[in-house]
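Here is a friendly walk through one protein model, from its sheet to its charged pairs. Please keep the structure open as you read.

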Amino acid sequence: MEQQIQIGWQGRFYEDFEVGDKIAHVLGRTISQTDNSWFTQLTQNTNPIHFDHHYAKQTEFQKAIVNSAFTIALVTGQSVSDISQNVMANLGWDEVRLPHPVFEGDTIYSYTEILSKRESAKRNNVGIIEVKTTGYNQDGQIVIHFKRTMMIYKKGYAPNIMKPLIDQVISQDGK
């Protein structure tokens, strides 16, 4: 019996999206002090509320707040395997709102709702979708929501990096 290689999840293509669908992203992420400090330093954000715990204790929050740019990056990242694994280009983030602060030690989860989809007027290999992604913490408090517009490849048009490479590796492995 000949064994077949099963390719793992490769994400949704334009045809796979339906307006109104809500897609829960399975991975949550607990944010550590190190995550917050490193991201803040990496992005040269000099606000001490993100890295100076003595300073942060003097604020109304009484503790360090996670850099909001980290929050948007994390929640966007959580959505990639379900939403934008096959993106040609991000066209924009809009209406970013941060209704509740994120603190070191919080675990963030997210889901995305498909708001619209349409054919690209200029490219036959992609369609355009608009989504709203919402991030929430371990207590169910919404910490961020934003809209994102992307060009998503249609089936048969995305670059194919996995199949040729895995075939090459498997053919060498048996020798």
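The report below covers the model, the sheet, the helix across it and the salt bridges.

## About the model

This is a predicted model, in which local features need pLDDT of at least 70, side-chain atom pairs count only at pLDDT 80 or more, and totals for chains, interfaces and linings use all residues. Residues are numbered from 1 along each chain as its sequence is written, and side-chain values use heavy atoms, with hydrogens and water left out.

## The sheet

Let us start with the open sheet, whose five strands come in the order β1-β3-β4-β5-β2 with antiparallel pairing. At its edges are β1 (22–30) and β2 (87–97), each of which pairs on one side only. On average, neighbouring strands are turned by 25° against each other, direction ignored. Strands here are DSSP runs of E with at least two residues, helices are runs of H or I with at least four, and both are numbered from the N terminus. Two strands pair if DSSP finds at least two bridges between them.

Take β4 (residues 126–137) and β5 (residues 142–153) as an example: these antiparallel strands are joined by eleven bridges.

Helix α3 (residues 68–84) lies across β1, β2, β3 (107–119), β4 and β5, and runs at about 45° to β5. Contact means heavy atoms within 4.5 Å. Axes are lines fitted to C-alpha atoms, for helices over the stretch in contact, and angles run from 0 to 180 degrees between N-to-C directions.

## Salt bridges

The whole structure holds five salt bridges, each defined as a side-chain nitrogen of Lys or Arg within 4 Å of a carboxyl oxygen of Asp or Glu. In one of them, D82 meets R12 at 3.8 Å, N to O. D82 belongs to helix α3 and R12 to the segment before β1, so this pair ties together parts that are 70 residues apart in sequence. D82 is buried, at a relative accessible area of 13%; buried means under 20%, exposed over 50%, and partly exposed in between (1.4 Å probe, protein chains only).

Another salt bridge joins E95 and K147, with the closest N and O atoms 3.5 Å apart. The two residues sit in strands β2 and β5, 52 residues apart. E95 is partly exposed at 47% relative accessibility, and K147 is partly exposed at 23%.

K154 and E119 also form a salt bridge, their closest N and O atoms being 2.3 Å apart. This pair links the loop between β5 and α4 (162–173), where K154 lies, to E119 in strand β3, 35 residues apart. K154 is buried at 11% relative accessibility, whereas E119 is partly exposed at 46%.
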